[in-house]
Amino acid sequence: MSALRRDPDMVRAYVRTRGHSSPSRDGLTLTTLVRAADRPLHGLDVEARRVLRICNGPIVIAEIASLLDLPPTVALIVVSGLLDTGHLNTPAPAEQPDISVIEEVLNGLRALV
Amino acid sequence: MDSVLSSEHQYLPTTVTRSAKILIAGHFGAGKTTLVGSVSEIKPLRTEEPITEASTGIDDLAGLPSKTETTVAFDFGRRTLSPRLALYLFGTPGQNRFTPFWEHLFHGALGALVLVDTRRLQDSDAVLALFEERGLPFGVAVNEWDGAQRFDLDEVRRALALDDDVVVTSCDARDEVSSIHALIAFVEYLHRSSRLECLS
């Protein structure tokens, strides 16, 4: 059963996203960090539960897509819905890259070598 | 099955609250996946996005418009740079054709480091054009394999018709420290550019 559900040809993308074709939120990217909130799971579909199960620690949407074999655009839509219902939190508001991020990356890279 | 996956996955430290993304681009065989693997602290992960395209083929027996399914695959890696910041490196797909999915790769990226193999310099033109068109900051790193002919970086700059301010550096994508130095050169360039923007 679970093997069948993993086959992208068996479960079309619009079924996985309950018919949604684009994320309900703007500003989500493949590197948006999310984390599961402590909320009851009832009422959630299988796809949403699978996502929540791997979000106990901070994780980005691209990692979720890869670990669950979901197309990245599907992962964006499912995560967006779970942020809307409060099942997922995002630790920092989505931000456009600014100079402070560039400085942090630069300092971090320099510290490695 | 999912629980197996999640227990195998090396999670970020719980203190991490910020992420940054740099694209690693280049023509086929330039060494993108190698560089991502050299710098990543986890085994690089892969995702695939199905792309449906209208097909104009005439071999459709039903006489109905047919669609072909292809996928855009990309690999990415991760390096935790401080207790609160993780850097993600996305190897961008080899094909240069623009698809809507590229928006997801571009969105939120600091910039793109374009790897170049000097034996196939002309193959880089389409990749560079893509970033120029999109206005995403980019730099060039010449991937110097053992035995490959060494080029003067100014020669490479001229051959690729790059502006004087675009950073051109070199690295051995197989080597972690060398790859990190190339990233440092690129991020220093991004830093200089954004400071200039702040001043202007």
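Predicted model: local features only at pLDDT ≥ 70, side-chain atom pairs only at ≥ 80, totals over all residues.
**Entry 1**

I started with residues 55-61 of chain B, where pLDDT stays under 50. pLDDT is the predictor's confidence in each residue, from 0 to 100. For residues 55-61 of chain B, the model has five contacts beyond four places in sequence; two residues are in contact if their C-beta atoms, placed from the backbone, lie within 7 Å.

Residues are numbered from 1 along each chain as its sequence is written, and chains are lettered from A and ligands numbered from 1 in the order in which they are written.

I then looked up chain B as a whole: its mean pLDDT is 85, and 82% of its residues reach 70 or more. Helices (H or I, at least four residues) and strands (E, at least two) are DSSP runs, numbered from the N terminus. For the complex, the predictor gives an ipTM of 0.87 and a pTM of 0.87.

**Entry 1: one threonine**

Next I picked B:Thr71, which sits in strand E3 (residues 66-82) of chain B. The cut-offs are 20 or more for buried, 12 or fewer for exposed, and partly exposed in between, with C-beta atoms placed from the backbone. Leaving out residues up to four places away in sequence, B:Thr71 touches B:Glu48, B:Glu49, B:Pro50 and B:Ile51. B:Ile51 is 20 residues away along the chain, yet the two C-alpha atoms are separated by 5.3 Å.

I moved on to helix H4 (residues 125-134) of chain B, where B:Val127, B:Leu128 and B:Leu130 are buried. They cover an arc of only 155° around the axis, so they are on the same side of H4(B). (The arc is that of the directions from the helix axis to the C-beta atoms.) B:Ala126, B:Ala129 and B:Glu133 are exposed on the other side of H4(B). What do the buried residues of H4(B) pack against? They pack against strand E1 (18-26) and strand E5 (109-116) of chain B. Just after H4(B), I found B:Gly135 with a positive phi of about 70°.

**Entry 2: over to chain A**

Chain A has six helices and three strands, in the order α-α-β-α-β-α-α-β-α along the sequence. Of the 113 residues in chain A, 42% are buried.

I checked one helix pair there. The axes of H3(A) and H5(A) come within 10 Å and cross at roughly 85°. That makes H3(A) roughly perpendicular to H5(A), a label for angles of 65 to 115 degrees. Axes are lines fitted to C-alpha atoms, for helices over the stretch in contact, and angles run from 0 to 180 degrees between N-to-C directions. From H3(A), A:Glu47, A:Ala48, A:Val51 and A:Leu52 meet A:Val78, A:Val79, A:Gly81 and A:Leu82 of H5(A).

**Entry 3: where the chains touch**

Last, I looked at the contact between the chains, which takes 36 residues from chain A and 43 residues from chain B. H6(A) gives the most to the side of chain A that touches chain B, with 11 residues.

Note on methods. Buried ≥ 20, exposed ≤ 12 C-beta atoms within 10 Å, placed from the backbone. Parallel < 35°, antiparallel > 145°, perpendicular 65-115°, else oblique.
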